[in-house]
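I opened my notebook for a first look at this structure. Here is what I looked up, entry by entry.

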Amino acid sequence: MDSFIIAALAVCSLTAPAYGDKGTSKARSCSDIRQFYSGKGFPLDGLPQSEISGEHLRICPQGYTCCTSDMEDSLAVLSRREMEVLLRDAGRSLQASLTGQYKAFDGYFLDLLNRSASSLQENFIPSWGVLYTENSQVFSDLYADLMRYYRGSNVNLEEALNEFWSRLLEKLFYQANKQYFIGDDYLECVSKQLETLRPFGDTPRTMKMTVTRTFVAARSFVQGLVVSGEVVRRVSQVQLSQECMRAMMKMTYCPHCRGMASARPCANYCSNVMKGCLANQADLNTEWRHLAETMVQVAGRFDGPSGVDSVILSLPNRISDAMFTMMENIETINSKLFQACGNIREGGTSSTGVDVNMKRGKVTVEDRLGSSSTKMDRLVSDVTIRLRDMQPYWVSLPAVLCSDRVATGTGAEDKCWNGMSRARYLPEAMGDGLASQINNPEVEIDITKPDMTIRQQIMQLKIMTHRLRNALNGQDVDFQDTSDDVSGSGSGVCADDMCSRGPRIIVPVTDRPILYPYPPENKEVKGSNAHQNLPCITMYLLTLLILLLRR
């Protein structure tokens with residue numbers, strides 16, 4: 001037994017220096033993270049040259065580290081700023097798509113209106129002569145009102161159409177009875193007989209119905225695109241919370257502080273961080289989908305035989321038919337008007353101009369619907385695809401932002417960064433939305449305190465969807481005048497330089513932290529000297545205990 005004790009003491013004496021050397025060996029250099037930190041634009045003052053104890057860290061694990069408290073704070077702020085940049089970039093991509101749809105539809109709709117107005121003028125001058133040229137302002141005012149209504153001005157469309165037919169009745173009656181002296185009071189009486197006499201046949205009623213449905217739908221549709229873009233712009237500017245900043249720091253830059261810069265986060269770990277950070281944004285999902293679905297339904301009304309092209313380009317024909325109906329029955333109409341408003345005395349010019357115009361025959365305006373209908377079909381198809389593409393936008397953001405961050409490949413789930421070390425991430429993935437984050441292990445959230453800016457945008461989506469559903473039923477909707485800002489720099493759909501027809505919604509993932517290569521982790525530079533000398537100390541104590549027992 002004595003020989004055993006002596007041998008044990010000898011072995012312990014020989015091995016103690018070895019353990020001691022290892023325990024007091026030089027700590028790992030921090031040159032790589034100094035280069036990384038400097039590359040992010042931060043000064044190197046106060047940065048350690050080699051690893052230090054990490055008891056001072058408040059976000060990252062408190063093992064040996066190359067990060068000081070100031071570095072941790074600076075990188076935390078940087079991680080939030082980079083995340084906010086990614087969200088704004090994603091928002092700009094979606095805004096670009098919405099802008100593309102807005103500009104495509106708006107440009108085409110305005111082109112239809114201009115073509116219709118030009119067609120009316122080109123055909124009415126040779127066909128109706130002075131009946132048109134002396135009263136052209138009535139027609140130009142009609143198209144101006146239609147344009148203003150579409151642009152969102154406070155124009156009552158039905159009243160504008162009624163006013164058009166009343167004024168047209170006055171002008172045509174005056175033109176057909178120039179041999180009489182007709183005062184303003186008499187003409188006012190004439191215009192009031194519109195509903196009773198129906199001098200234009202059924203055209204005013206059918207035209208009011210089709211034009212109202214078309215323009216209400218078109219105006220609500222472009223307003224839906226504007227509101228959607230504005231919601232995206234406002235939500236993309238919402239500042240991330242302090243808790244989100246801590247979680248982003250822990251996931252993104254704490255591996256650098258631990259000398260594991262090449263470690264990528266585990267899939268569920270990244271998902272939980274992102275879903276926690278974007279919990280309020282995910283609550284937009286339900287109303288966002290409702291709006292997109294309703295806009296698809298409205299867009300479906302734009303093509304076909306009773307679509308936008310047909311209604312707008314047929315306006316000259318309809319108006320001409322109505323004028324022809326009145327002039328064809330002018331004697332009967334005159335008789336009824338004289339009876340209703342009283343006789344009038346002669347005193348005007350001898351020529352009425354009616355015979356000349358009646359000889360011209362019925363006007364035929366070429367609609368040229370062929371190419372227009374094809375283009376509208378393409379627009380509707382394109383906008384339907386894009387609106388459906390954007391429906392899952394808010395709940396897909398976490399997956400998109402994690403897509404090329406997380407560890408992949410064979411065995412990745414056992415070697416990924418889980419917030420503490422390279423190991424499997426055990427917590428399950430959270431659901432979408434604020435209420436689902438009550439047990440999120442990565443981001444501490446008070447689910448009773450939603451973000452008010454986002455709640456306001458949810459309400460805007462609800463209001464817009466309600467208006468679009470009214471438009472589907474042909475019910476007029478009230479909007480503020482957006483003619484100045486729909487295409488201006490302050491518009492929600494025109495973000496910076498993005499006012500162009502964009503590709504489908506693609507969320508760019510850029511400006512990610514640059515991962516500088518590190519040498520493999522020196523796993524032996526962990527633990528304290530006490531741990532490394534523990535076998536030797538145990539041996540000494542055991543030997544002394546044996547000696548005492550023998551005595």
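Entry one, aromatic rings. I am working with a predicted model, and I counted 20 aromatic pairs in it. I looked at Tyr 180 and Phe 338 to begin with: their ring centres are 5.8 Å apart and their planes stand at 75°, which is over 60, so I noted the pair as edge-to-face. Tyr 180 sits in the loop between α6 and α7, while Phe 338 belongs to helix α17, so I wrote down a link between distant parts of the chain, 158 residues apart. I found Phe 338 buried, at 18% relative accessibility.

Next I turned to Tyr 269 and Tyr 425. Their centres are 5.3 Å apart with planes at 40°, so this pair is tilted. Tyr 269 is in helix α12 and Tyr 425 in the loop between α21 and α22, so the pair ties together parts 156 residues apart in sequence. Buried or exposed, I wondered about Tyr 269? It is buried, with a relative accessible area of 0%. Tyr 425 counts as buried too, at 10%.

I also noted a cluster joined by ring pairs: Phe 105, Phe 109, Tyr 150, Phe 215, Phe 221 and Phe 302.

Entry two, a helix pair. I saw that α2 and α3 pack at about 45°, with axes 12 Å apart, so they are oblique to each other. Their crossing is left-handed. Ile 33, Phe 36 and Tyr 37 of α2 meet Asp 70, Met 71, Ser 74 and Leu 75 of α3. I sorted these contact residues into 5 nonpolar, 1 polar and 1 charged.

Arg 198 lies in the loop between α8 and α9 and is partly exposed, at 47%.

Terms used
Residues numbered from 1 in each chain as written. Predicted model: local features only at pLDDT ≥ 70, side-chain atom pairs only at ≥ 80, totals over all residues. Heavy atoms only, no water. Axes fitted to C-alpha atoms, helices over the stretch in contact; angles between N-to-C directions. Helix = DSSP H or I, 4+ residues; strand = E, 2+ residues; numbered from the N terminus. Parallel < 35°, antiparallel > 145°, perpendicular 65-115°, else oblique. Left-handed = near helix turned anticlockwise from the far one by under 90°. Contact = heavy atoms within 4.5 Å. Nonpolar A, V, L, I, M, F, W, Y, C, P; charged D, E, K, R; others polar. Buried < 20%, exposed > 50% of the residue type's maximum accessible area, 1.4 Å probe, protein only. Phe/Tyr/Trp six-rings, centres within 6.5 Å; stacked < 30°, edge-to-face > 60°.
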